Structures are given as C-alpha cells and as structure tokens.
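Please keep the sequence and the 3D view open while reading.

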Amino acid sequence: MKVLLINGSPHKEGCTFTALSEVADTLNKNGIETEIYHIGVKPIAGCIACMKCKEAGKCIYDDGVNELGARLDEFDGIILGSPVYYAGPSGQICSFCDRFFFVNAPKLAGKLAAAVVSCRRGGATASFDRLNKYFTICKMQVVGSQYWNMVHGFTPDDVRKDLEGLQTMRTLGENIAWLLKCTDGKPMPEHEPSIMT
C-alpha cells in the first residue's frame, strides 16, 4: 500500500511540506509506503479544454501530470497539499490538478483522498474546500481527521509549534492507514454510466 502526497507549494521544504511530512511519518509508522512529489517552481500550464487527452490518454503538456498519471496504479491514496494564497490554493496546484484529475478520473475512482492546507492566518477553509472538490467529482473516498486539515504558521518552525495542526495531520495519517487496511484488495462498487445534463 502506498500514498502519494503532492506538494503544491513553490517552497520544496516549507510549511506545506512540514504538514505533509507529519502525515507521511504517521503513514510510515503504520506500514504504509509514501512518496512526496513536489510540483516545483516552473510554470504549469492550465487546462485549455482541447480534449486531446481523451484521444491520447495523456495531456498534451508533457510534465508531472503525465508522469504521475502513468504511475497511478502504484498509489492507493492521494493527498494534495497547498499553501493558501488570497484565500485559495496556489495557482500551481490548481493548474496541475485541473489537468491531472480531468485526464486521470477513471484511474482515480475508489482511491482514498485528502487535502492539506497551510496558511499564516486565514483562508484555509476556502482552500481546503476547493481541493476536496477534485476528489468528489472523481469518485474518490475523502478521508477526514479531527478538524479541517490545516496548519498555521509563516515558517516551518511556526508550523512545528502548531500542536493542534500537527495532531490533525497525525490523525489524518492514522485514518488513512486504517481505511487502506480495511479496503485492501476490495473492488469498487459498480457505477452507472455518467449522465451529463
């Protein structure tokens, strides 16, 4: 069993990474393998609705979206992590996810999912809400914790002082590990074909 944690912050080892690491450490202690993937600081193209991915099975922009899409069978769960910018997730992770979830939706169904956000003070719940919408439209199973999955702080050291936030990350890790063990090998229920109106 393995969980992919996507770091949507331009800072590779900043506040978002600190929160994701707390989740990853808890998963590891429960025997779950993890990988933290940093989407980086290079510009990430947004979806242009060209629909070429429906023909090719991958996005026309060959970047991390295609790299991770090709590896989705390795992962049983996905956690998105983002800093809060103007009460929303980072532009990088939104562009990445718009394309990643659109092209890979059938391969994501049934996987466990969670969002983690990091903010200095406000905007966390709006960011958290936006990231969770990627999961629910793809038939993923959203895992909860003891509070909304957020940490507060301006620096990684600040985040390490957010005892409630770090406990929330550990509880999330425990819940994901438990659910993965409960569902290991069990198939997804059959669903009706999607109807668009």
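Which element gives the largest share of the lining of the largest cavity? Helix α4 does, with three residues. The model is a predicted one.

**Cavity**

- The count of cavities of 30 Å³ or more comes to one, and the largest cavity holds about 100 Å³ of space.
- Its lining is made of 14 residues, and the closest to the centre are Cys 47, Cys 50, Cys 53, Cys 59 and Arg 99.
- Two elements, α2 (52-56) and α4, each give two or more residues to this lining.
- Sorted by class, the lining of the cavity has 11 nonpolar residues, one polar residue and two charged residues.

**Largest pocket**

- The largest pocket has a volume of about 530 Å³.
- It is lined by 16 residues, of which Phe 101, Phe 102, Ala 105, Ile 137 and Cys 138 are the closest to its centre.
- Helices α4 and α5 each supply at least two residues of the pocket lining, and the largest share, six residues, comes from α4.
- The pocket lining divides into 10 nonpolar, one polar and five charged residues.

**Nonpolar cores**

- The largest nonpolar core has 34 residues, and Ile 78, Leu 80, Phe 96, Phe 100 and Phe 101 have the most contacts inside it.
- Two or more residues of this core come from each of β1 (2-7), α3 (64-69), β3 (77-85), α4 (91-108), β5 (112-119) and α5 (124-136).
- Helix α4 gives the largest share of the core, eight residues.
- Apart from this core lies another, of 22 residues, with Cys 15, Ala 24, Val 159 and Leu 166 among them.
- Leu 80 touches Ile 6, Ile 93, Cys 97, Phe 101, Ala 114, Ala 115, Val 116, Leu 131, Tyr 134 and Phe 135, leaving out residues up to four places away in sequence.

**Tyr 134**

- Tyr 134 is part of helix α5.
- Tyr 134 counts as buried because its relative accessibility is 9%, under the 20% cut-off.
- Beyond residues up to four places away in sequence, Tyr 134 touches Leu 80, Cys 94, Cys 97, Asp 98 and Phe 101.
- From C-alpha to C-alpha, Tyr 134 and Ala 115 are 9.7 Å apart, with a sequence separation of 19 residues.

**Helix α1**

- Helix α1 (residues 15-29) has 15 residues and reaches 22 Å from its first C-alpha to its last, close to the expected 21 Å.
- The helix is mostly covered, with 11 of its 15 residues buried; among them are Cys 15, Leu 20, Glu 22, Val 23 and Leu 27.
- Thr 16 is in helix α1, and Thr 16 is classed as buried because its relative accessible area is 3%.
- Leaving out residues up to four places away in sequence, Thr 16 touches Asn 7, Ser 9, Gly 81, Ser 82, Pro 83 and Ser 118.
- After α1 comes Gly 31, which has a positive phi near 80°.

**Residues with positive phi other than glycine**

- Met 51 has a phi near 70°, a positive value in a residue other than glycine.
- Met 51 is in the loop between β2 (33-38) and α2, and is partly exposed, with a relative accessible area of 39%.
- Lys 139 is not a glycine either, but has a positive phi of about 60°.
- Lys 139 is in the loop between α5 and β6 (141-142), and is partly exposed at 35% relative accessible area.

**Met 188**

- Met 188 is in the segment after α7 (163-183).
- Its relative accessible area is 31%, so Met 188 is partly exposed.
- Met 188 and Tyr 85 are 103 residues apart along the chain, and 35 Å separates their C-alpha atoms.

Technical notes. Residues are numbered from 1 along each chain as its sequence is written. This is a predicted model: local features need pLDDT of at least 70, side-chain atom pairs count only at pLDDT 80 or more; totals for chains, interfaces and linings use all residues. Side-chain values use heavy atoms; hydrogens and water are left out. Helices (H or I, at least four residues) and strands (E, at least two) are DSSP runs, numbered from the N terminus. The expected span of a helix is 1.5 Å times one less than its number of residues. Buried means under 20% relative accessible area, exposed over 50%, partly exposed in between (1.4 Å probe, protein chains only). A nonpolar core is a set of buried Ala, Val, Leu, Ile, Met, Phe, Trp, Tyr and Cys residues joined through side-chain atoms within 4.5 Å. Contact means heavy atoms within 4.5 Å. On a 1 Å grid over the protein atoms alone, a cavity is a set of points where a 1.4 Å probe fits but cannot get out, and a pocket is an open set with protein on both sides within 12 Å along at least five of seven lines; lining residues have an atom within 4 Å of a point. Grid points are joined across faces, edges and corners, and a volume is the space filled by probe spheres set on the points. Ala, Val, Leu, Ile, Met, Phe, Trp, Tyr, Cys and Pro count as nonpolar, Asp, Glu, Lys and Arg as charged, and the others, Gly among them, as polar.
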